[in-house]
Amino acid sequence: MEKEQEENGNRSQKTMEKEQEENGNRCQKTMVKEQEENGNSSSCCSVLIELPVGEAAAAEGAGPFNLEKAVCSHGLFMMAPNQWDPISRSLSRPLRLLDHHSPPLTVQVRISQPTASTLHLRVYGTRCLSPQHRHSLLNQVSRMLRLSEEEESKVREFRKIVEALHGEEEAAAECLRSFSGRVFRSPTLFEDMVKCILLCNCQFSRTLSMAKALCELQFETQRPFSGVRAAEDDFIPKTPAGNELKRKLRVSKVSMRLEGKFAEPRADHSKSDLQPSQELDEPHAYKGMGSFPSPEELANLDESFLAKRCNLGYRASRILKLAKGIVQGIIQLMQLEEGCKEISLSSYNKLAEQLRQIDGFGPFTCANVLMCMGFYHVIPADSETIRHLKQVHSKSSTMQTVGRDVEGIYAKYAPFQFLAY
């Protein structure tokens with residue numbers, strides 16, 4: 001009897017210790033809260049993950065986190081498969097969640113900010129996420145929105161420079177109000193690299209159509225037997241008319257342009273997540289569009305087919321060589337990302353030299369990729385930069401002088417010239 005009491009006591013103590021440990025983990029500041037939500041059918045189920053943000057940043061001088069400013073800070077947010085909704089102020093897109101013990105899980109994710117200190121990550125089409133899938137999700141969201149401590153430090157330093165240079169000037173106040181200091185990027189370095197290739201030598205409307213076509217192609221290749229497919233020529237995207245300019249879009253300008261397409265006034269969802277009807281519609285918002293293709297999905301495609309299907313032109317060859325280099329282990333993405341953990345001129349030069357070894361990575365593409373990797377002291381220069389200098393600074397530049405001109409204007413913001421641009 002005494003033995004049974006001792007064993008029961010040990011079990012009770014262990015149970016209490018385990019519960020205390022679990023409660024302690026749940027109370028950690030960096031915890032995520034996962035909730036399972038089922039709809040009327042299995043296709044409508046979703047998982048909600050709450051991600052705390054903003055409190056540490058506000059306390060340490062980086063300013064409160066603002067999802068809209070963090071997303072609408074660069075034209076990359078307009079490229080498929082990203083979809084920003086200015087009414088609900090939410091970002092939706094497919095994400096490929098990795099788990100070493102099972103094939104990748106592609107899910108639709110919607111990111112919203114119901115309160116100043118919380119992000120809601122709603123994952124559609126699944127009832128639960130494995131710890132590995134959840135880890136993959138949080139890593140990708142953190143990369144897109146630059147939620148790391150290193151990025152927070154850069155935000156604080158940039159704000160200090162702006163305030164020191166301009167003090168109480170209205171220009172400084174407007175800059176800090178409209179721009180959070182974070183530049184939106186993709187969930188993976190590969191997606192950033194491909195999109196930087198798509199930015200070269202074309203209008204931004206063409207860039208958008210090529211990115212969309214790649215996501216449509218990914219959807220098609222994953223569903224080869226899903227119904228009747230249209231003729232190949234029908235899939236070729238047509239570049240919209242008009243002289244849209246490729247540029248880094250500040251949130252104030254972007255919001256005005258996007259909201260103009262909606263007749264209804266913007267709803268205020270600051271205190272709650274989206275309504276249930278909107279949530280149930282979400283899984284169907286990507287009909288015909290998949291995730292951004294992976295290196296493995298692109299590597300074995302025929303170059304002429306890819307060029308024609310996605311209207312890529314000469315870019316098809318460069319994208320295929322990049323994908324094959326990654327699959328074959330010649331290009332090590334993890335090694336490249338490790339190299340950007342130390343932000344210095346020497347690490348920038350080393351990474352730039354590595355990128356230049358990749359076919360098609362000239363100065364403009366390299367500068368854009370390195371900006372996505374967290375280096376802000378170089379402003380990628382093209383014809384849009386010339387237009388910007390003329391319009392904003394009344395400075396007439398050429399392709400031969402634009403690099404020198406932007407350096408002269410923005411050098412005072414070093415090492416964050418791109419953030420001030």
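**View 1. Helix 7 and its buried residues.** The buried residues of helix 7 are Leu189, Phe190, Glu191, Asp192, Met193, Val194, Lys195, Cys196, Ile197 and Leu198. Buried here means under 20% relative accessible area, exposed over 50%, and partly exposed in between, with a 1.4 Å probe and protein chains only. Helix 7 spans residues 189-198, and because 10 of its 10 residues are buried, it is largely enclosed by the rest of the structure. Helices (H or I, at least four residues) and strands (E, at least two) are DSSP runs, numbered from the N terminus. The structure is a predicted model, in which local features need pLDDT of at least 70 and side-chain atom pairs count only at pLDDT 80 or more, while totals for chains, interfaces and linings use all residues. Residues are numbered from 1 along each chain as its sequence is written, and side-chain values use heavy atoms, with hydrogens and water left out.

**View 2. Confidence along the chain.** The protein has a mean pLDDT of 79, and 70% of its residues reach 70 or more; pLDDT is the predictor's confidence in each residue, from 0 to 100. Over residues 225-281 the pLDDT is below 50, and this stretch has 117 contacts in the model beyond near neighbours in sequence. A contact means heavy atoms within 4.5 Å.

**View 3. The largest nonpolar core.** This core has 100 residues, and those with the most contacts inside it are Ile111, Leu119, Leu137, Leu145, Leu306 and Leu322. Helix 8 (residues 204-222) contributes the largest share of this core, 8 residues. A nonpolar core is a set of buried Ala, Val, Leu, Ile, Met, Phe, Trp, Tyr and Cys residues joined through side-chain atoms within 4.5 Å.

**View 4. Strand 2 against strand 6.** Strand 2 (residues 46-52) is mostly covered, with 5 of its 7 residues buried. It runs antiparallel to strand 6 (residues 118-124), and 7 bridges join the two; strands pair if DSSP finds at least two bridges between them. Val47 stands opposite Val123 in strand 6.

View 5. The structure holds 0 disulfides, a disulfide being a pair of cysteine sulfur atoms within 2.5 Å. Cys128 is in none, and the nearest cysteine sulfur, that of Cys45, is 8.9 Å away. Cys128 counts as partly exposed, at 49% relative accessibility. The sulfur of Cys202 is 7.8 Å from the closest cysteine sulfur, in Cys200, too far for a bond. Cys202 counts as buried, at 17% relative accessibility.
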